[in-house]
Amino acid sequence: MTRALLLSIGLFISLLVAASAVTSLPFPFVYTPIITITGLLVLNRVGIAEGAVWLIAGGFFLTAAGSNPHALLENAIVAGLGALLTTRVFATRSAYALLGLGVATGVSAGAAVLIVGGMRNLTLGLPLIAEDAAARAAWTLILLLAGLYAGFASVVMLRQRLQKFFVVR
Amino acid sequence: MFAALVLTYALLRTIDPVRGVIGYVEHGVLVVGTHLGNATGRLLTSEDSLTAQLAVCEDRLRSAAVDVAVCAEDARNAHERAALMGYVEESGTTAIAARITLRALPEVATVAIDKGADDGVAAGDAVVVDGGHLYGVVHRVDAGSAVVRLAHSKASRIPSAILGTARTIGLVAGQEGTLLNMAYIPEDTDIAVGSVVVTSGLDSRLPPNLVLGVVTSVLHEDAAPFLEALIEPLYDAREWANVLVLSVNDPSL
């Protein structure tokens with residue numbers, strides 16, 4: 001119960017930051033995928049089910065609010081692929097496993113968004129500026145990896161501090 | 001249990017008082033993000049770029065000083081004539097202050113505000129900042145919130161004119177980035193770099209003379225029947241966290 005409540009508060013704060021704060025930053029920081037970063041951290045450190053719910057719920061809220069129309073698609077791919085890779089490939093809780101997860105899921109989600117954009121261009125005639133779309137996808141991947149590493153380092157440092165403070169030896 | 005709490009949060013968001021509180025918190029976070037974004041933007045801007053921007057601003061200040069003198073004289077004349085006629089004009093426009101609670105990605109170019117149909121906001125209303133610069137147009141309205149499509153959105157189309165003229169001379173639309181494109185300008189139009197572009201009032205829900213920006217270049221192709229102009233807005237959409245919605249009080253619209 002406590003863990004579920006803390007995760008819910010964490011998701012709420014992440015949504016606030018993703019939809020209201022990060023989108024006010026200049027390029028390229030405006031493309032920092034906060035929900036994907038925090039979702040992968042939860043998936044790696046807490047559990048696959050919790051991470052999947054975090055990613056899909058966060059993507060749904062961002063898409064429904066109109067902040068990022070591709071958020072649900074991206075995060076659904078990250079959740080599915082992340083769950084698979086965490087059990088089969090990146091099973092440890094190390095920084096390398098987390099970064100490997102980030103690269104695999106980030107590239108897949110970015111490719112999916114580019115493919116959807118290409119299909120919309122072909123079928124609906126909507127404009128697709130390939131250079132801009134590729135630059136956005138690249139920056140999103142770079143910021144995802146940077147955010148994952150920073151998040152991992154913060155979580156490890158916080159855990160050590162809390163253990164040192166609360167555990168009496 | 002986590003999924004159940006997430007579903008509970010989704011249901012709570014549909015209740016107006018809860019949504020109001022969440023909107024208040026979202027606005028606070030957005031203000032923090034806006035300040036951070038402005039500071040980051042200043043840190044990332046190169047010295048050459050700042051020097052060039054300063055030179056442009058100084059040129060505009062000099063030409064604006066002349067315009068201010070002319071406008072002051074015109075305003076004095078208009079005030080005197082209105083006073084002589086004993087004429088009281090009712091504009092029929094209500095101004096509704098609103099807070100921005102959410103910003104979409106730059107390519108989506110929309111923001112969400114915390115006022116909606118219950119507060120008198122209607123689709124098509126003009127949204128302004130800084131005393132008369134057009135920020136966007138209300139695109140979608142819910143009971144307690146609304147989505148505003150920014151003026152530089154690629155989907156936005158605004159009938160416009162040159163400041164000081166009453167005739168609609170072109171259609172302003174957004175394009176990649178924050179620049180605006182004015183199309184369908186008749187070839188005989190007196191338009192030059194530095195001209196101030198405003199709304200023409202052709203769209204009955206958009207009041208006239210709301211500033212869109214300044215012409216930075218005029219494009220003319222020999223085979224094309226119309227001119228095109230590039231317009232630079234005089235504000236950065238990311239810098240604003242509070243806006244004013246101008247709602248027209250005409251029941252027939």
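## Helix α3 of chain A

Helices here are DSSP runs of H or I with at least four residues, numbered from the N terminus. In this predicted model, helix α3 of chain A is followed by Gly66(A), whose phi is positive, near 85°.

The helix covers residues 48-65 of chain A.

## Buried residues and their partners

Several residues of α3(A) are buried, among them Trp54(A), Leu55(A), Phe61(A) and Leu62(A). Glu50(A) also belongs to this buried set, as do the glycines Gly51(A), Gly58(A) and Gly59(A). An α-helix has 3.6 residues a turn, so residues three or four places apart point the same way.

Within chain A, the buried residues of α3(A) pack against α1 (2-21), α2 (34-45) and α4 (71-88). They also pack against α1 (2-12) of chain B.

## Aromatic contacts between the chains

Over all chains, the structure holds 7 aromatic pairs. One of these is formed by Phe12(A) and Tyr9(B), with an edge-to-face arrangement: the centres are 5.5 Å apart and the planes lie at 70°. This pair crosses between chains, linking helix α1 of chain A, which holds Phe12(A), to helix α1 of chain B, which holds Tyr9(B).

Phe12(A) counts as partly exposed because its relative accessibility is 24%, whereas Tyr9(B) is buried, with a relative accessible area of 18%; the cut-off for buried is under 20%. Both residues belong to one aromatic cluster, together with Phe60(A) and Phe61(A). Of these, Phe61(A) is also among the buried residues of α3(A).

Conventions: Residues numbered from 1 in each chain as written. Chains lettered and ligands numbered in written order. Predicted model: local features only at pLDDT ≥ 70, side-chain atom pairs only at ≥ 80, totals over all residues. Heavy atoms only, no water. Helix = DSSP H or I, 4+ residues; strand = E, 2+ residues; numbered from the N terminus. Expected span 1.5 Å × (residues − 1). Buried < 20%, exposed > 50% of the residue type's maximum accessible area, 1.4 Å probe, protein only. Contact = heavy atoms within 4.5 Å. Phe/Tyr/Trp six-rings, centres within 6.5 Å; stacked < 30°, edge-to-face > 60°.
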